[in-house]
Amino acid sequence: MSFLPTTDEENIEDLEIRPSRDQRPTGGGSKKNVSQEELEDKYRDILTFVGEDPDREGLLRTPHRVAEALKFLTSGYKQDVETLLNGAIFHEDYDDMVVVKDIEFYSMCEHHMLPFYGKVHVAYIPDGKIVGLSKIPRLVDMFSRRLQVQERLTTEIAEAIETALSPRGVAVVIEGAHMCMLMRGVQKQASTMVTSHVMGLFRDDRATRQEFMALVKGNSRA
Ligand SMILES: Nc1nc2c(ncn2[C@@H]2O[C@H](COP(=O)(O)OP(=O)(O)OP(=O)(O)O)[C@@H](O)[C@H]2O)c(=O)[nH]1
Ligand SMILES: [Zn+2]
């Protein structure tokens with residue numbers, strides 16, 4: 001996937017969409033608990049619904065595999081930011097920009113439960129605290145492994161860093177390809193969605209924002 005092929009720095013603000021708090025998920029609770037066995041039975045029904053024979057050899061374990069895959073793909077509901085960061089926040093005087101870019105993510109859109117995937121680029125400017133490098137991709141994974149819209153995924157990553165570090169600024173840009181647009185529906189094979197959420201210095205200072213975009217666009221491995 002190409003990274004930010006045409007987006008210039010100023011487009012970032014145009015692209016930013018901030019979902020209201022009441023649009024955000026409450027965290028995976030379902031009113032009726034469904035056991036894995038019941039879930040697998042439902043997948044057998046789905047196989048029948050699509051015209052398949054759930055008892056044919058190749059499909060016998062498919063309901064089990066799909067249930068296991070779904071558990072993994074939604075495992076982010078069982079995680080929380082505090083536990084994930086696991087105290088990996090360190091006091092440090094460094095006060096320049098930290099950029100972690102080209103973090104691949106795989107999520108599922110909440111409308112169709114089809115994958116969307118791409119790259120996340122994160123930057124922050126510390127204010128006395130830095131976070132362990134691996135924790136940023138872990139945050140991306142945690143929020144990705146839930147039913148999402150890309151806008152909310154973007155905002156949640158940015159806000160988690162803001163809350164954990166109280167930095168002088170945070171910026172998150174996501175470029176995603178949505179299977180619900182590629183393989184069904186409108187079927188636009190080349191379309192990607194770019195979202196951004198910028199806070200603090202990245203919002204207030206144009207030069208800082210430009211520096212981030214230059215760093216992100218410069219050597220993208222996309
Ligand atoms: N803004 C946003 N929309 C998304 C995202 N993922 C999927 N969608 C859109 O969610 C919308 C759901 O629209 P509906 O009209 O209810 O569903 P639909 O009939 O399946 O729509 P089509 O995809 O146009 O066939 C579609 O426009 C999808 O493209 C996302 O991350 N962000
Ligand atoms: Zn969708």
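Reader: How many bridges join β3 to β6?

Author: Good place to start! Keep in mind that this is a predicted model. Strands β3 and β6 run antiparallel, and one facing pair is F116 opposite H178 in β6. The number of bridges joining β3 to β6 is 10.

Reader: In what order do the 5 strands of the open sheet lie?

Author: The pairing in this sheet is mixed. β5 (147-148) and β7 (193-200) stand at the edges with a single partner strand each, so one side of each has no neighbour in the sheet. Reading across, the order is β5-β2-β3-β6-β7.

Reader: Which helix packs on the sheet, touching β2, β3 and β5?

Author: Look at residues 135-144, which touch β2 (98-109), β3 (115-125) and β5. The direction of this helix makes about 15° with that of β2. The helix is α5.

Reader: Which residue in β7 does V172 stand opposite?

Author: Let's look at how β6 (residues 169-178) meets β7. These two strands run antiparallel, with 8 bridges between them. G176 stands opposite M193 in β7, while the residue opposite V172 is H197.

Reader: Why is β6 largely enclosed by the rest of the structure?

Author: The answer comes from counting buried residues, where "buried" takes 20 or more other C-beta atoms within 10 Å of a residue's own. β6 is largely enclosed because its buried residues number 9 of the 10.

Reader: How far apart are the end C-alpha atoms of α6?

Author: Helix α6 covers residues 150-165, which is 16 residues. At 1.5 Å a residue the helix should span 22 Å, and the model agrees with that. Its buried residues include L153, I157 and I161, and α6 is followed by S166, whose phi is positive, near 40°. The end C-alpha atoms of α6 are apart by 23 Å.

Reader: What distance separates the centres of domain 1 and domain 2?

Author: Domain 1 takes in 11-19 + 87-218, and domain 2 takes in 36-75. Taken over C-alpha atoms, the centres are separated by 33 Å.

Terms used: Residues are numbered from 1 along each chain as its sequence is written. Chains are lettered from A and ligands numbered from 1 in the order in which they are written. This is a predicted model: local features need pLDDT of at least 70, side-chain atom pairs count only at pLDDT 80 or more; totals for chains, interfaces and linings use all residues. Domain bounds come from an automatic or database domain assignment. Helices (H or I, at least four residues) and strands (E, at least two) are DSSP runs, numbered from the N terminus. The expected span of a helix is 1.5 Å times one less than its number of residues. A residue is buried if 20 or more other C-beta atoms lie within 10 Å of its own, exposed if 12 or fewer, and partly exposed in between; C-beta atoms are placed from the backbone. Two strands pair if DSSP finds at least two bridges between them. Two residues are in contact if their C-beta atoms, placed from the backbone, lie within 7 Å. Axes are lines fitted to C-alpha atoms, for helices over the stretch in contact, and angles run from 0 to 180 degrees between N-to-C directions.
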